[in-house]
Amino acid sequence: MCNLKGAYRNDGITKYWESIMSLRRLLFGLLSFIDDSQLRVILSLILCIVNVVHHTSSRPFKDQRSNSSETLSLFMLILFCAINLFKCSIKFNFDASRFKSNPVASMTLTIEQIMPLVLILYIIL
């Protein structure tokens with residue numbers, strides 16, 4: 001238990017931050033059982049926004065870089081949810097032949113591929 005508490009501040013709700021992160025993972029897992037993809041993405045987006053607001057108000061980690069990395073990753077989740085909501089709402093058919101004719105579709109796919117690399121570079125540097 002010492003390893004779990006070592007990265008977090010020891011005041012208020014941040015003592016229990018590992019439990020909050022586990023609850024967040026559980027809620028995302030429960031969302032996977034929703035059949036309607038648009039409803040699932042909307043609820044995921046709401047959950048992501050609640051998470052980022054809660055994280056930025058709590059700043060649970062001792063290290064400022066860890067707080068910034070977590071905030072960046074939560075914003076990336078919001079971006080991915082927004083892109084997927086956009087895809088669900090206009091019902092893109094992601095066929096390779098349509099990328100050249102639809103610049104919005106190719107741009108959203110490019111953003112989805114680049115953002116994890118941005119996070120990895122931010123963490124490394």
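The predicted model holds zero disulfides. A disulfide is a covalent bond between the sulfur atoms of two cysteines. The sulfur of C48 has its closest cysteine sulfur in C81, at 3.9 Å, which is too far for a bond.

- C48 is buried, its relative accessible area being 1%.
- C81 also counts as buried, because its relative accessibility is 11% and the cut-off for burial is under 20%.

**Helix α4**

- Helix α4 spans residues 64–90 and comprises 27 residues.
- From its first C-alpha to its last, α4 reaches 39 Å, which is close to the 39 Å expected at 1.5 Å a residue.
- The buried residues of α4 include two cysteines, C81 and C88.
- Also buried in α4 are N67, S69, E70, T71, S73, L74, M76, I78, I83 and K87.
- An α-helix has 3.6 residues a turn, so residues three or four places apart point the same way.

**The cavity and its lining**

- The structure contains one cavity of 30 Å³ or more.
- The volume of the largest cavity is about 70 Å³.
- Its lining is formed by W17, I20, M21, R24, N51, H54, H55, E70 and L74.
- Helix α2 gives the most, with four residues.
- Two of the lining residues, E70 and L74, are among the buried residues of α4.

**N51, a lining residue**

- N51 belongs to helix α3 and is one of the residues that line the largest cavity.
- With a relative accessibility of 13%, N51 counts as buried, since burial is defined as under 20%.
- Leaving aside residues up to four places away in sequence, N51 touches R24, F28 and L74.
- Of these contacts, R24 and L74 are also named in the lining of the largest cavity.

Terms used:
Residues are numbered from 1 along each chain as its sequence is written. This is a predicted model: local features need pLDDT of at least 70, side-chain atom pairs count only at pLDDT 80 or more; totals for chains, interfaces and linings use all residues. Side-chain values use heavy atoms; hydrogens and water are left out. On a 1 Å grid over the protein atoms alone, a cavity is a set of points where a 1.4 Å probe fits but cannot get out, and a pocket is an open set with protein on both sides within 12 Å along at least five of seven lines; lining residues have an atom within 4 Å of a point. Grid points are joined across faces, edges and corners, and a volume is the space filled by probe spheres set on the points. Buried means under 20% relative accessible area, exposed over 50%, partly exposed in between (1.4 Å probe, protein chains only). Contact means heavy atoms within 4.5 Å. A disulfide is a pair of cysteine sulfur atoms within 2.5 Å. The expected span of a helix is 1.5 Å times one less than its number of residues.
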